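Please look over the sequence and the structure before reading on.

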Amino acid sequence: MTAIEGLAVPEGPAARAAARARRGGSPPPHPHPHPHPHPHPTEGLLVPPGHGRVVQTAAQRVTFKVTGTHSRMASTFEVEVPPGFDVGAHVHTRSEELFYVLDGELDVLAFEPRIRTPDNWQRWESSSGTRVVRATPGTVIVVPPGCPHAFANPTDTPAKMFFQASPPPDHERYFEELLEILDQGGPPDQEAIEALRAKYDIEQLTPLRHR
């Protein structure tokens, strides 16, 4: 140990450099190569169960969990799908989506059919033989841009799914305006829905339906 200005410090390069500085040599190196690093965010977003903005009609209940305000990657929703709801087959040119079934059962489609018939997508089949499946809890469906897809609840009990859509906030705005149309009562206004979907990069292939 060597005493410097009344303090006991260990021998070594740093101690010797400090001693040289006090004798008029070069200053000692800073112990940290980047003494003032750029700060990084230290807190994320935590949404407790049951929290989030809810948009609801007789046809659908959507809870906004993560919006474009908090994520540059995707908007995230919890969607309750009532019995009889059919979102209709559709396709996006730039959006990517992910579905994760939490409760209940849903018929789901995520492939290009041999023929895009304008009505019942549940009967579609791909060139490789893929057909519509019944998705149970734990099922994940990933939909790349350009892939026709759909979901419907053919059962008598509600279903629930985790849903992500990118880029944000397109689907947030779409849900808000879609549910305004569905909330008007009576059969869905197909012309209004078609115009809305075209606005948000959605080409409707079969009609949206609900009980």
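The model is predicted. It holds two cavities of 30 Å³ or more.

**Largest cavity**

- Sixteen residues line the largest cavity, and those closest to its centre are Val87, Phe151, Phe163, His171 and Phe175.
- At least two lining residues come from each of strand 7 (96-103), strand 12 (159-166) and helix 2 (170-182).
- Helix 2 makes the greatest contribution to this lining, with four residues.
- Sorted by class, the lining of the largest cavity consists of ten nonpolar, four polar and two charged residues.

**Second largest cavity**

- The lining of the second largest cavity is formed by Phe99, Val108, Leu109, Ile141, His149, Ala150 and Phe151.
- Strand 8 (106-110) and strand 11 (149-152) are the elements that supply two or more of these residues.
- Strand 11 has the largest share of the lining, at three residues.
- Six residues in the lining of the second largest cavity are nonpolar and one is polar, while none is charged.
- Phe151 is listed among the residues closest to the centre of the largest cavity and also lines the second largest cavity.

**Helix 2**

- Buried positions in helix 2 are Asp170, His171, Glu172, Tyr174, Phe175, Leu178, Leu179, Ile181 and Leu182.
- Among the elements covering these buried residues are strand 3 (53-56), strand 4 (61-66), strand 5, strand 7, strand 12 and helix 3 (190-199).
- His171 and Phe175 are buried residues of helix 2, and both are listed among the residues closest to the centre of the largest cavity.

**Thr76**

- Thr76 belongs to strand 5 (residues 75-81), one of the elements that cover the buried residues of helix 2.
- The relative accessible area of Thr76 is 8%, which is under the 20% cut-off, so Thr76 counts as buried.
- Beyond its neighbours within four places in sequence, Thr76 is in contact with Thr63, Phe64, Lys65, Val66, Phe162, Phe163 and Gln164.
- With one of these residues, Gln164, Thr76 makes a polar contact between side chains, at 3.1 Å.
- Phe163, another contact of Thr76, is among the residues closest to the centre of the largest cavity.

Terms used:
Residues numbered from 1 in each chain as written. Predicted model: local features only at pLDDT ≥ 70, side-chain atom pairs only at ≥ 80, totals over all residues. Heavy atoms only, no water. Buried < 20%, exposed > 50% of the residue type's maximum accessible area, 1.4 Å probe, protein only. Polar contact = N/O pair within 3.5 Å; in protein donor to acceptor, adjacent residues only side chain to side chain. Contact = heavy atoms within 4.5 Å. 1 Å grid on protein atoms, 1.4 Å probe; cavity = no way out; pocket = protein on both sides within 12 Å on 5 of 7 lines; lining within 4 Å. Points joined across faces, edges and corners; volume = space filled by probe spheres on them. Nonpolar A, V, L, I, M, F, W, Y, C, P; charged D, E, K, R; others polar.
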